[in-house]
Amino acid sequence: MTTLQLAKERQISKTRQWEQALTRLYTDYQKYCKKVLRDFDSEDVHQARVNSRKLLTLLSILDPGHSVTDKLYGTLKQAQKRLGKVRDADVLIEAFKDKRKQAKHAGASETAELLKAVIEQQKGERKTYRKKLADKLPKLTGKSLNRQWEVFLSGELEQLAAKRDANVVMRELEVAFEQKKKTCRTLFKGPEAESAAAFDALHKLRIAAKELRYTANAAAFALNQKFHADEEIYKDIQEQLGSINDRRIWLEVLGASSPDKLGVSRRVWDEFTDSLRAEVLEALQHNEVIPFTEQPKPSHHS
């Protein structure tokens, strides 16, 4: 076999690997989307979102500027956003249900009532998101997407796969993650440790960890051995930072409402929001990603 034939064989093999990985994800994605539209089971929503995220990850490796896959990427991204709204509401409701159970167990009946009101409010939000998803998802996962997908697999994939190396992408993502980590370390060491800018930087770091985790998973077939442990490493980082981020979101959810709207006293409201702030600080102190030392509060004594 000539050098040219060998190169051609290698390229066919590489394209086939990509095609197999993409097809598996696409099949699962379509399967879970159909299930979602049946009864909005939270695990089905989660799996549909995860598979869409992995597909988007692989498309981003192959076509970083989305110049070739623009339409296909855009359709999957829209669906992922809609699924994400419902998934985030599912997770939020479950978290508040757990908190309510704990409050009832501790005999904190007023806090339990506050949480009941928040849960009802969030269920209302979720209903709106589900309605929009039920309306949009069939159009985003139907024949039009299948046509785009077939064109991509049969026409564009081979050329894109020939030009891209997942290992290079992984290295670039690691470098970007380390830069974001440096920014966070600087912010959390100084007087801005509890500022909006610091938490925003932490949120960006969590997203960077998530991107690395998903790339390590979805592109495992195309990655060198040295990257094979990265999925677990960045999953752990994402979970630690997610624990901080979740509590910040809970505070934002409460902040978007008021004691009057929820029919509870200001005292109960203040006590609960204070306890959430304490949880944010505790999660920060226990994380192993960004060193954090609580800043001393200014004295009120003159």
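Predicted model: local features only at pLDDT ≥ 70, side-chain atom pairs only at ≥ 80, totals over all residues.

**Surface and overall build**

I started with the surface: the protein chain exposes about 17100 Å², and carbon and sulfur atoms supply 49% of that. I then looked up the dimensions, and the C-alpha trace spans about 85 × 45 × 30 Å along its principal axes. The secondary structure was quick to write down, with 10 helices and 0 strands. I checked burial next and got 45% of the 302 residues counting as buried. For contacts with a separation of 6 or more, I found that 76% come from residues 24 or more positions apart.

**Charges overall**

I counted 55 positive and 44 negative charges in the protein chain, and their mean positions are 4 Å apart. Then I went looking for a local cluster. I found a positive surface patch made of Lys81, Arg82, Lys85, Lys132 and Lys136. Which helices supply it with at least two residues each? They are H3 (70–105) and H4 (109–141). H3 gives the most, 3 residues. I picked out Lys85, which is found in H3, and its relative accessible area of 46% makes it partly exposed.

**Salt bridges**

My tally here is 14 salt bridges. I went through a few of them.

Is Glu279 buried or exposed? I get 18% relative accessibility, and since the cut-off for buried is under 20%, Glu279 counts as buried.

I stayed in H10 for the next two. Asp270 forms a salt bridge with Arg266, closest N and O atoms 3.6 Å apart. Both lie in H10, 4 residues apart, which is about one turn of the helix. Asp270 comes out partly exposed at 33% relative accessibility.

Asp274 and Arg277 also meet through their side chains, at 3.1 Å from N to O. They lie in H10 too, 3 residues apart, again about one turn. I checked the exposure of both partners: Asp274 is partly exposed at 47%, and Arg277 is partly exposed at 45%. Last entry: I noted a network in which salt bridges with shared partners join Asp90, Arg126 and Arg130.

Key:
Residues numbered from 1 in each chain as written. Heavy atoms only, no water. Patch = residues over 30% accessible without salt bridge, like charges linked within 9 Å, V, L, I, M, F, W, Y side chains within 5 Å. Areas by Shrake-Rupley, 256 points an atom, 1.4 Å probe, with all protein chains shown as cover. Salt bridge = Lys/Arg side-chain N within 4 Å of Asp/Glu carboxyl O. Lys, Arg positive; Asp, Glu negative; His and termini not counted. Charge placed at Lys NZ, Arg CZ, Asp CG, Glu CD. Buried < 20%, exposed > 50% of the residue type's maximum accessible area, 1.4 Å probe, protein only. Contact = heavy atoms within 4.5 Å.
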